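Please work through the exercises below with the sequence and the model side by side, trying each task before reading its solution.

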Amino acid sequence: MIKKLKKFFYTKILKRKYYRVGQCLGCGKCCKQIYVKTHNHIIQDEKEFEKLKYKHIFYTYLTVIDKDELGLVFSCSNLDEKTNLCKIHKKRPGICRRYPQEEIFSMGGQLSEDCGFKLVPIVPFSEVFDNLLKK
């Protein structure tokens, strides 16, 4: 019963398709290649990014390291290069606390193979397939 309530809550209330499972292994990869998404798009240019720095302190921690077909790619200055740990872990922003979010897929991203987190479908493929066969 609780499993069904959890599934209902995630899919209908939160509109999620995945459960986040696992834990951080401290590899630091997620802090070295960051895309910043605003309301409806990934940041494409540095002028737009400069404006964001006035909206939240988190953006001041980011440095542009690249640009690809998706947009600007950032690295976080709070990652300790020697330990791969966050220097402000207890005060880290929400975007870091909630990592990874399923939006990572809609942005064209993916988790590294050795990431301790996994995003597991709430509704298994077999159930989706069975529902399609019934129709």
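The exercises that follow concern a predicted model, and they go from the whole chain to a single residue.

**Exercise 1.** Determine how many helices and strands the protein chain has, and in which order they run.

*Solution.* Counting the elements gives five helices and four strands in the protein chain.

**Exercise 2.** Describe the extent of the protein chain, its burial and its contacts.

*Solution.* Along the principal axes, the C-alpha atoms fill a box of roughly 50 × 30 × 25 Å. Turning to burial, 24% of the 135 residues count as buried, while the chain exposes about 10200 Å², of which carbon and sulfur atoms supply 57%. Among contacts with a separation of 6 or more, 59% are accounted for by residues 24 or more positions apart.

**Exercise 3.** Find the distance between the mean positions of the positive and negative charges of the protein chain.

*Solution.* The chain has 27 positive and 15 negative charges, and their mean positions are 10 Å apart.

**Exercise 4.** Locate Pro121, classify its accessibility and list its contacts beyond four places in sequence.

*Solution.* Pro121 is found in strand β4, which covers residues 117-121. Leaving aside neighbours within four places in sequence, Pro121 is in contact with Lys17 and Tyr18. Phe58, by comparison, is 63 residues from Pro121 in sequence and 30 Å from it in space, taken C-alpha to C-alpha.

Conventions
Residues numbered from 1 in each chain as written. Predicted model: local features only at pLDDT ≥ 70, side-chain atom pairs only at ≥ 80, totals over all residues. Heavy atoms only, no water. Helix = DSSP H or I, 4+ residues; strand = E, 2+ residues; numbered from the N terminus. Buried < 20%, exposed > 50% of the residue type's maximum accessible area, 1.4 Å probe, protein only. Contact = heavy atoms within 4.5 Å. Areas by Shrake-Rupley, 256 points an atom, 1.4 Å probe, with all protein chains shown as cover. Lys, Arg positive; Asp, Glu negative; His and termini not counted. Charge placed at Lys NZ, Arg CZ, Asp CG, Glu CD.
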